[in-house]
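Me: I would like to go through this model by question and reply, starting with confidence and ending with the contact between the chains.

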Amino acid sequence: MKFLCVLCNEPMRLDGVDGPHEGSVTVFFRCPECAHQIALLTNPWETQLVKSLGVQVGGRKDPAAPLEQVRTHLADQGGAGDAPACPFSALVAEAEARQERGPSTSTSGLWTPEAEARLQRAPAFVRPMARQAIETFAKERGYERITEAVVEEARSQVGM
Amino acid sequence: MKRYKDIVGDAGSNIIGQVSEQQARLAQRLASVEHVVAVVSGKGGVGKSVLTVNLATALAEGGLTVGIVDADINGPAIAKMTGLRGRRLGLGEEGIEPPIGPAGLRVMSMDLLLPAEAAPVIWETSVQSNAYVWRETMEMGALREFLADTRWGRLDFLFADLPPGADRVPNIVELLPQLSGLLFVTVPSEVSQLAVKRSLSRAQGLGASILGVVENMAGYFCRECGKVGPLFEGGEAVRAMAEEAGVPYLGAVPFDPEVARSADAGAPHVLARGKGPAAEAMRKIAETIRVSVMSNPSH
């Protein structure tokens, strides 16, 4: 899909992504010539269709993690008996253990308690990926601390 | 006014680039796999998954390195049939470590990711209604990730056990341009043959390579008297159908309750009880496939 500014006859450029909220994503575009801005608002089926392609609106900054699409979208149905509720708990535990074993990889000092609490509200299987994406986002913009505002900014711009 | 083709790239998401990257990642992973065989049926219940496991095991027992990707996302059976249900997947630097099954089979299946035996595959979404709009795309995405993100290592053969239906053929052909060939499975019933004919026509229309047709449940093997009796009407009908379609008839496998019991026990029949007529037939078909695929440079 491409957007053309009819007045300038110039392709519009991506200017930001917000959402999804209640299944809808708002994608902002701006004309590089006249700065006219428009917003594309997807319906839930359109949002889901894009998700099912395994692509990220706004572009991908890092290579996809293994089984990223399945891990992100498979519903957490709760476990039976002693089975873990999260189908990826074993994978995630291993990834976290690996992170802990790595040399000086702890970034906990970067995060304010409020931002950390907000991260913990995300499903367990997306947390490692979300943490990495937000830290990369913060580093690129020169933020020294990850606050709730930075998390929100990352969420709207990266499309998490 | 500018048209679509006049504008280079998209507005900034680079969706086509992201899809190309997915395809490149898949191609890179499968570069160490010599031959990919997709196992197809027209209808469900013809024993396709059991046959897949036994053919793969027979080749592995013959000294080849073999993997199976369970492409049936909603009805995965391969983990159970290889005794791997409940096994933990490892996350390595280069991707997901597949569990190792009988005869060294490397297996990837949605079943290895589900939390409980009765858990269905449910995708997180705000729109469960009208999910037909996107569900098939999501399933193909999952299959692509299973193929691309599993650390298969060097394989001589990778079998893809597809869900039943003619509609699956174009999907797998498009996803895997490096496919060595499609293997069709039917039982002798007219209903099953009718369905597999449609799948064959679809594959031929796409110009896909077809390894041949296997006739499963061709007669009933009685362990008491040691004879194979009729199970379906039809005689040579499947062979005739294959000849009419111009594809090889690879052989007939009789129904043996031990084959089903072995599958339930997670020990492929050719491995556990190798001397019955069903095991012999499956070994022979596996060898035919091996020779056909490995002697053809285009595979």
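**Confidence, cysteines and interface**

Me: In chain A, in which element is confidence lowest, and in which is confidence highest?
Reply: The lowest mean, 54, belongs to helix α3 of chain A, residues 89-101. At the other end, with 96, is strand β1 of chain A, residues 4-5. Lowest is therefore helix α3, and highest is strand β1, on the pLDDT scale from 0 to 100.

Me: What pLDDT does chain A average?
Reply: Of the residues in chain A, 74% score at least 70. The average pLDDT for chain A is 78.

Me: How many contacts beyond four places in sequence does the model have for residues 79-85 of chain A, where pLDDT stays under 50?
Reply: Where pLDDT is low, the predicted coordinates should not be read in detail. With that caution, the model has contacts beyond four places in sequence for residues 79-85 of chain A, and their count is eleven. Residues 102-106 of chain A also have a pLDDT below 50, and for that stretch the number of contacts beyond near neighbours in sequence is one.

Me: How many disulfides are there over all chains?
Reply: A disulfide needs two cysteine sulfur atoms within 2.5 Å. For Cys5(A), the nearest cysteine sulfur is that of Cys31(A), 3.7 Å away, and Cys5(A) is in no disulfide. Cys34(A) is in no disulfide either, with the sulfur of Cys8(A) nearest at 3.6 Å. Over all chains the count is zero.

Me: Is Cys5(A) buried or exposed?
Reply: The cut-off for buried is under 20% relative accessible area. Cys5(A) has 5%, so Cys5(A) is buried.

Me: What is the area buried between chain B and chain A?
Reply: The contact involves 49 residues of chain B and 53 residues of chain A. Carbon and sulfur atoms give 60% of the buried area. Ala11(B), Leu91(B) and Pro115(B) supply 16% of what chain B buries against chain A, more than any other three residues. The area buried between the two chains is about 4400 Å².

Me: Which side chains meet in a salt bridge?
Reply: Between chain B and chain A the count is one salt bridge. Its N to O distance is 3.3 Å, and the side chains are those of Glu10(A) and Lys2(B).

Me: Which element gives the most to the side of chain B that touches chain A?
Reply: Across this interface, 19 residue pairs are in polar contact. On the chain B side, α1 (15-30), β3 (90-92), β4 (95-97) and α4 (135-149) each supply at least two residues. The element that gives the most, with eight residues, is α4(B).

Definitions and conventions. Residues numbered from 1 in each chain as written. Chains lettered and ligands numbered in written order. Predicted model: local features only at pLDDT ≥ 70, side-chain atom pairs only at ≥ 80, totals over all residues. Heavy atoms only, no water. pLDDT = per-residue confidence, 0-100. Helix = DSSP H or I, 4+ residues; strand = E, 2+ residues; numbered from the N terminus. Contact = heavy atoms within 4.5 Å. Buried < 20%, exposed > 50% of the residue type's maximum accessible area, 1.4 Å probe, protein only. Buried area = accessible area lost by both parts, 1.4 Å probe. Salt bridge = Lys/Arg side-chain N within 4 Å of Asp/Glu carboxyl O. Polar contact = N/O pair within 3.5 Å; in protein donor to acceptor, adjacent residues only side chain to side chain.
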